[in-house]
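Here is a short note for a colleague opening this structure for the first time. Please read the points with the model on screen.

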Amino acid sequence: MTEEKLQNLRHSLAHLLAAAIKELYPDALPAIGPAIENGFYYDFEFKTPISDADLPKIEKEMRKILKGWKEFEGHEVSEAEATEAFSGNPYKLELINEINQRGEKLTLYASGNFTDLCRGGHVDDAKKINGDAFALTHTAGAYWRGNEKNKMLTRIYGLAFTTKEELDSYIVMQEEAKKRDHRKLGKELELFTLIDEVGAGLPLFYPKGAILRRLIEGYITEEQEKRGYLPIWIPHITKGKLYEISGHLDKYDAMYSPMKVDEIDYYLKPMNCPHFMMLYKSLPHSYRELPLRYTSTTTNYRYEKSGELSGLTRVRSLTQDDCHVFCESDQIETEISTMAEMIGETYKAFGFKDFWVRISLRDSKNKGKYLGDDAVWEKAENALRSVIGSTGWNYKEAENEAAFYGPKLDFMFKDVLGREWQLSTIQLDFNLPKKFDLEYTDKEGKKSQPVVIHRAILGSTERFMGILIEHYGGAFPLWLSPVQIVVIPIGEKQEEYAQNINRLLKEAGIRTEIDSTNETLGKKIRNAKTSKTPYFLVIGDKEMENNTATLESRDAGQVGAFSAEEIIQKLQKEIKEKK
RNA sequence: GCCGCCUUAGCUCAGUGGUAGAGCGUCGCUUUUGUAAAGCGAGGGUCCUCGGUUCAAAUCCGAGAGGCGGCUCCA
């Protein structure tokens, strides 16, 4: 079945859902019901609330109605006719009005005794809908037209495929994906946790999680320093004055309430840009220093709405690998190119292939609403386009998506449940240099204003970790594994010898753990495997006699018996290659 | 924040108005193990919190906190 036909099938099922709802809840008002990835949804205003428990009943009704359906009959109607047909339904009336305003034709589609306002796109014969190949999955609240000022409707989601087999295999896939959910693995592998008494959206990291964080952040630090990026450090609380200058104080809504220190308001920092600006401003600068690349990996605190929080992907304490490059406008393209190259290398190192880039540009028809010089905008937008165009990455240009202060690139990823998240970002900022009155002395000896490029590769360490955990399903490559090898003495007799091997590995910089518990070998191996550690060593009498240890790999099974030196060499070689 | 669901031992979860349960983990003893779970025993709970109904509440009702699925903005 073609993608278009599948869309038609799904859209037809949305109609069927609405028909069933009208039968079961005559006073419910249907609003809008499109086809989506893997299925469909329909939004309704219910007079009495329904919940997931009502779905089986609705599904049953859908199958019953489906039997009486043949084809979808469409016909054009006048505005008066349409308004008449949907009087009492403010949602449909709003849509009718808008369609009419746009000068488009109004069409109604009917099947059985259900009629809906619709632009078309259904299966030509309702018999083509397989009653076993769809399923209602869950209900959710959704604001009318996605605007929180509007009424909250009840959305019913459904899955739909051509055959029951496709539906079943999709459901099985979802079950498998749930096993890789970073929130589940975070607990199981002792990486991080959320604690009620600490607060919502404030994750705490166990030793293994802290090591993983350090490895990820350390990688970025190393890559940056190779390229002439300079570390800075900034405090986490700051006078309100700073945000008055930056303009965030009355515009930024995710700031925590201030605390009084000596009668003055101090804020937890929700972003780092103003501090970077101040540090730049506090020294005189020459064109010879540019581009000046300041970086800092530092935590921000943002008040995110409670309902928005989710594991590590949406939190209230987020650590950014932040960077601000101060440069001349002629240097924009080279700087962005370096950034893109670093981002590409980072994704490769962490095994990320599945992402796309959004290029947010200004509204070309309304250039007046943007801040900054037209020529600089032009340069910046072209630089973003040409750099991304030459990488071969998937990208979409999004006109009118740029901030008023500059265009940007956002790198988008999906989590195991198919939700999209932004990680890396490159943003031009023509506003802050002005607000902070930044300058440098140019070649002619005159004061000039630098361009600021804001950039984060990880985006936030927490979110990056969430995506990373799911990407590997917790089975990290050797260089990223919090524990790289478990040393397993079979019994007490080998304990001392095993401790010695463990020490040699540790001294060589290998992250090890020794399992000295009073358990059977089988149990110790099971524990090593369920912890997803890349390697383990078995040490019994045989190994002791030959001064070796038996190496087994998570991915490749038994490797063989080696001396401690050989094992160290093997692991170090693999770490170097993979990284 | 809003709509819906959920919250019982460290973890996964049974338990629908009448004295709080299981498996795993933890601790102790026995066992000293050769490639995915040894045996026995012990300990562990303000049943998320506060309030209400009831002779009696983990269970029913209300409010709050936290988690989950969505909606708008964002890393």
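1. Domain bounds here come from an automatic or database domain assignment. On that basis chain A is divided into domain 1 (3-176), domain 2 (185-234 + 272-472) and domain 3 (478-578). The centres of domain 1 and domain 2, taken over C-alpha atoms, are separated by 40 Å.

2. Keep in mind that this is a predicted model. The mean pLDDT of chain A is 94. A pLDDT of 70 or more is reached by 100% of its residues. For the model, ipTM is 0.94 and pTM is 0.95.

3. Next, the overall build. Chain A has 579 residues, and 35% of them count as buried. Its secondary structure comes to 18 helices and 28 strands. The C-alpha trace spans about 90 × 75 × 50 Å along its principal axes. Take the contacts in chain A with a separation of 6 or more: residues 24 or more positions apart account for 69% of them.

4. Which residues have the most contacts inside the largest nonpolar core? They are Ile 336, Leu 384 and Ile 453, in a core of 63 residues. Leaving aside neighbours within four places in sequence, Ile 336 is in contact with Ala 383, Leu 384, Val 387, Ile 426 and Ile 453. Another core lies apart from the largest one and has 31 residues. Among its members are Ala 20, Tyr 42, Ala 126 and Phe 161.

5. Turn to helix α10 (273-281). Its buried residues are Cys 273, Pro 274, His 275, Phe 276, Met 277 and Tyr 280. What do they pack against? The partners are α8 (240-246), β15, β16 (317-327), α13 (432-435) and β23 (451-456). The loop between α10 and β15 (292-301) holds Pro 291. A cis peptide bond joins Leu 290 to Pro 291, with omega about -5°. That deserves a look, because most peptide bonds are trans.

6. Helix α7 (residues 207-226) contains Ile 216. Is Ile 216 buried or exposed? Ile 216 counts as buried, because 22 C-beta neighbours lie inside 10 Å and the cut-off is 20 or more. Neighbours within four places aside, Ile 216 is in contact with Leu 458, Thr 461, Phe 464 and Met 465. Gln 558 is 342 residues away along the chain, and 29 Å separate its C-alpha atom from that of Ile 216.

7. Trp 393 sits in the loop between α12 (374-389) and β18. It has 16 other C-beta atoms within 10 Å, so Trp 393 is partly exposed. Not counting residues up to four places away in sequence, Trp 393 touches Val 357 and Ile 388. Trp 356 is 37 residues from Trp 393 along the chain, with 6.7 Å between their C-alpha atoms.

8. Most residues other than glycine have a negative phi. Asn 400 has a positive phi, near 70°. This residue is in the loop between β18 (395-399) and β19 (408-414). Asn 400 counts as exposed, because it has 12 C-beta neighbours inside 10 Å. Lys 532 also has a positive phi, near 60°. It is found in the loop between α16 (521-530) and β26 (535-539). Lys 532 is partly exposed, with 17 other C-beta atoms within 10 Å.

9. Finally, the RNA. By class, the surface near RNA strand B has 24 charged, 23 polar and 17 nonpolar residues.

Terms used
Residues are numbered from 1 along each chain as its sequence is written. Chains are lettered from A and ligands numbered from 1 in the order in which they are written. This is a predicted model: local features need pLDDT of at least 70, side-chain atom pairs count only at pLDDT 80 or more; totals for chains, interfaces and linings use all residues. Helices (H or I, at least four residues) and strands (E, at least two) are DSSP runs, numbered from the N terminus. Ala, Val, Leu, Ile, Met, Phe, Trp, Tyr, Cys and Pro count as nonpolar, Asp, Glu, Lys and Arg as charged, and the others, Gly among them, as polar. pLDDT is the predictor's confidence in each residue, from 0 to 100. Two residues are in contact if their C-beta atoms, placed from the backbone, lie within 7 Å. A nonpolar core is a set of buried Ala, Val, Leu, Ile, Met, Phe, Trp, Tyr and Cys residues joined through C-beta atoms within 7 Å.
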